[in-house]
Amino acid sequence: MQKAKINDVELFWVEAGSGNNILLLLHGFPLDHTMWLGQVQYFSQRGWRVIAPDHRGYGQSSFNPAEHIHHVELMARDAAGLLEHLGIEKAVVMGLSMGGYVAFSLYQHYPQKVRALILADTKAEPDAPVARENRYKLREMVGQKGSQAARDVMLPVMFSPETHAKFSPLVSNLQTVMDGTRPETIIATLPGLAERPDRIPDLPHIAVPVLVIHGEKDQLMPVEFARQMAKAIPGGRFSEVPGAGHMANLENPDFFNRAVEDFLNGL
Ligand code: MLT
């Protein structure tokens, strides 16, 4: 576990493994690096140096109140700053959901740092007007009621209906993480998500290997859109994670890890 001043914040990350094969893991909203601990362990035991930061304001990374909006570009700048700090030239970047939006931005602004992309339960299209409006409504609610307001909206759609029905500890663990996320971070992130760029026009120009991996039962982002996204990327590979919802890496880790490993082995 480490921390360093990156740009204007103290960024926290966990790291395991060694060598020149680097895997950078970018977490979703409103979560932290702990969603990736299974992948940190799995891939660090298979020849990868795995690095999983908390985005600014999340988990154990500090929050800078001067930054009123956490644009995905800002989070990408932090991730690039962390790679720079660690003396890493290139990494395979895996981002889930919001982490995928950040991965797109990292590739757009720092393409030389990206060896390959793994886009997990994420999407290229921007928010529709209604979704954007809902982000601003949620922002207001979090301002009034705290982080639990975001949890109430997000948690029911983070897993497949089957995972919810089982009262899996995955759900209660994620709830704890969401409840622990600072309201000010959520308030700063929501407009950043609402205003994130449309990546659809960029897809045909992606020139690194890409794996799109997506839960079969993702309630937040239908798997069909992910399949289309993979088709629009030259050489893009697609993997559907059986039975999993939005948190595919947590709900079916065996399948998820093997699919990612297979992709990494082919690089
Ligand atoms: C996430 O899981 O990171 C969020 O659902 C992303 C989003 O709300 O667009």
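## Basis of the model

This is a predicted model: local features need pLDDT of at least 70, side-chain atom pairs count only at pLDDT 80 or more, and totals for chains, interfaces and linings use all residues. Residues are numbered from 1 along each chain as its sequence is written, and side-chain values use heavy atoms, with hydrogens and water left out.

## The ligand and its shell

The ligand sits in the largest pocket. A pocket is found on a 1 Å grid over the protein atoms alone; it is an open set of points where a 1.4 Å probe fits, with protein on both sides within 12 Å along at least five of seven lines. A molecule sits in a pocket if more than half of its atoms lie within 2 Å of the pocket's grid points. Two elements give two or more residues to the shell around the ligand: helix H3 (98–109) and helix H5 (148–158). Helices are DSSP runs (H or I, at least four residues) and strands are too (E, at least two), numbered from the N terminus.

Which residues surround the ligand? They are Gly28, Phe29, Ser97, Met98, Tyr101, Arg135, Met154, Met158, Leu220 and His246. The shell divides into six nonpolar residues, three polar and one charged. Here Ala, Val, Leu, Ile, Met, Phe, Trp, Tyr, Cys and Pro count as nonpolar, Asp, Glu, Lys and Arg as charged, and the others, Gly among them, as polar.

Taken alone the ligand exposes 270 Å², and the protein buries 96% of that. Areas come from the Shrake-Rupley method with a 1.4 Å probe; for residues, only the protein chains shown count as cover.

## Behind Arg135

Arg135 also has a protein partner. Its side chain and that of Asp127 are joined by a polar contact of 2.7 Å. A polar contact is a pair of N or O atoms within 3.5 Å; within protein, one must be able to donate a hydrogen and the other to accept it, and residues adjacent in sequence count only if both atoms are side-chain atoms. Asp127 is in the loop between strand S6 (114–120) and helix H4 (129–145). Asp127 counts as buried because its relative accessibility is 4%. Buried means under 20% relative accessible area, exposed over 50%, and partly exposed in between (1.4 Å probe, protein chains only).

## Backbone details

Most residues other than glycine have a negative phi, and most peptide bonds are trans. The peptide bond from Phe29 to Pro30 is cis, with omega near -10 degrees. Phe29 belongs to the ligand shell. Pro30 lies in the loop between strand S3 (22–26) and helix H1 (37–44).

Asp121 is not a glycine, yet has a positive phi of about 40 degrees. Its place is the loop between S6 and H4. At 0% relative accessibility, Asp121 is buried. Asn7 has a positive phi too, near 50 degrees. Asn7 sits in the loop between strand S1 (2–6) and strand S2 (9–16). Its 33% relative accessibility makes it partly exposed.

## A buried arginine

Arg196 lies in the loop between helix H8 (183–194) and strand S7 (210–215). Is Arg196 buried or exposed? Arg196 is buried, because its relative accessible area is 5%. A polar atom of its side chain lies 3.0 Å from the backbone oxygen of Leu193.

Notes. Near = heavy atom within 4 Å. 1 Å grid on protein atoms, 1.4 Å probe; cavity = no way out; pocket = protein on both sides within 12 Å on 5 of 7 lines; lining within 4 Å.
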